[in-house]
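This text leads a new reader through a protein structure, one part at a time. Please keep the sequence and the 3D view at hand while reading.

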Amino acid sequence: MTGSTAATFTADDYRARMGRAARAAAEAGLAGLLVAPGPDLVWLTGYTPPAVTERLTLLVLAAGQDPVLVVPALEAPDAHRAAGASALTLRDWTDGKDPYAATAALLDASGRFGISDNAWALHLLALQQALPGSSYASLTEALPMLRAVKDAAELDLMAAAGAAADATFEEIRNVPFAGRRESEVAADLDRLLRGHGHEQVDFTIVASGPNGANPHHEAGERVIARGDMIVLDFGGLRDGYGSDTSRTVHVGEPTDEERRVHDLVREAQEAGFRAVRPGAACQDVDRAARRVIADAGYGEYFIHRTGHGIGVTTHEPPYMIEGEERPLVPGMCFSVEPGIYLPGRFGVRIEDIVTVTEDGGRRLNNTTRELVIVE
């Protein structure tokens, strides 16, 4: 196992992203975008503040204007070192000064702005007070597809993250399961993901036996026993881009019913994957996978959406769910993860990250989707 080499995006890459975001905001009828620390700021500028504090840090984007990053003076040196710093103007403020007045001077006093979902209420309310005629919409509401379509370099990073998750599964299937606590196997998953280059592990679900019927079960102190079906769902960030995969394994030989349910989920996952193509609606992926499970009489036990987008966060738009009519576009990345959850008994989920290509889809996870027997 080896660590990974951090990817490099240039100032030109960040300049292009900020320009694209500003144009998208204008097309959506917004006066601009206000981006607080978090994944959007990292994606747009390459800048991660050294600490999360109450001091205002805010990127201001508007079509026809140079991007401006408002930062506390004590953090300005860090902002100057960001990969995208040369593509924007830094405007620092010192303690004792009013950062909201400085920011308000950059904004249309009566404009409607998209603002980061994770912006602090403290900052938003202060901006509203400085600009009573302004209004705001969350970025997820206003520009849900802002980060959805990945470029070639991002797709390479997504593929590398998927390969690292696959390598983790190939190793975890060979560790002892029976007689160990779920939490111990989860710790193995965390260690293996980091060993394969992940700087951040977001989840390591190990749901054994009846716990497998809870899709978001957190690994606990249950001791895994022979005869258990186990849902493994794990992922995080590698070089800033997400992995997320699920496989279901069995300790010893499964029953005929367990094999039948697993085969059904595998068939549904394949159907969802085959529905991926440019121009198809997101809901078409959900419908294809759900139809297989419903037709077999297990529809009431498939209790979540078929998939979610992934990129610089492990869950983001678009979502593969009924009612989502947005078309799939080459470069989108999302999970295809149908499941069946039988309360008090067991659960099965199979998940791959898929990217839309010019003529269909490509899996970024390629470990076996057959039922794996573990010891």
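The model is predicted.

Strand β3 has a partner in β2, residues 58–61, and the two pair in the antiparallel sense over three bridges. Within this pairing, L58 has V70 of β3 as its bridge partner. The two strands form a hairpin, with six residues between them. In the turn of this hairpin, G64 has a positive phi of about 85 degrees.

Strand β4, residues 89–93, is also joined to β3, and here the strands run parallel, with five bridges.

Rolling a probe the size of a water molecule over the atoms shows where empty space is left. How many cavities of 30 Å³ or more does a search of the whole structure find? The search finds one. The largest cavity holds about 30 Å³ of space. Sorted by class, the lining has seven nonpolar residues, two polar residues and no charged ones.

A pocket, unlike a cavity, is an open set of points. The second largest pocket has a volume of about 330 Å³. Its lining is made up of 19 residues, and P37, G38, P49, A51 and V52 are the ones nearest its centre. By class, this lining divides into 11 nonpolar, six polar and two charged residues.

The next topic is the aromatic rings. A pair of aromatic rings is described by the distance of the centres and the angle of the planes. The structure holds four aromatic pairs. Which residues do ring pairs link into a cluster? They are F9, Y14 and Y241. F9 also takes part in another kind of contact: the charged end of R17 sits over its ring, 4.4 Å from the centre. Elsewhere, R363 lies over the face of F273, at 4.1 Å from the ring centre.

Some backbone angles also deserve a look. Most residues other than glycine have a negative phi, and most peptide bonds are trans. The peptide bond from P317 to P318 is cis, with omega near 5 degrees. P318 belongs to strand β11, residues 316–320. D239 is not a glycine, yet its phi is positive, near 50 degrees. D239 is found in the loop between β8 (229–238) and β9 (241–251). Why does D239 count as buried? Its relative accessibility is 16%, and the cut-off for buried is under 20%.

Strand β13, residues 339–342, is joined to β14 by four bridges, and the two run antiparallel. In this pairing, G339 stands opposite R349 of β14. Three residues lie between the strands of the hairpin, and G344 takes a positive phi near 75 degrees. Strand β14, residues 346–349, is covered on both faces: F346 and V348 on one side and G347 and R349 on the other are all buried.

Two single residues close the tour. A126 lies in helix α5, residues 121–130. This residue counts as buried because its relative accessibility is 16%. A126 and A101 are 25 residues apart along the chain, and their C-alpha atoms are separated by 9.2 Å. G212 is placed in the loop between β7 (198–208) and β8. With a relative accessibility of 1%, G212 also counts as buried. From G212 to S86 there are 126 residues in sequence and 49 Å in space, C-alpha to C-alpha.

Notes: Residues numbered from 1 in each chain as written. Predicted model: local features only at pLDDT ≥ 70, side-chain atom pairs only at ≥ 80, totals over all residues. Heavy atoms only, no water. Pairing = 2+ DSSP bridges. 1 Å grid on protein atoms, 1.4 Å probe; cavity = no way out; pocket = protein on both sides within 12 Å on 5 of 7 lines; lining within 4 Å. Points joined across faces, edges and corners; volume = space filled by probe spheres on them. Nonpolar A, V, L, I, M, F, W, Y, C, P; charged D, E, K, R; others polar. Phe/Tyr/Trp six-rings, centres within 6.5 Å; stacked < 30°, edge-to-face > 60°. Lys NZ or Arg CZ within 6 Å of the ring centre and 35° of its normal. Buried < 20%, exposed > 50% of the residue type's maximum accessible area, 1.4 Å probe, protein only.
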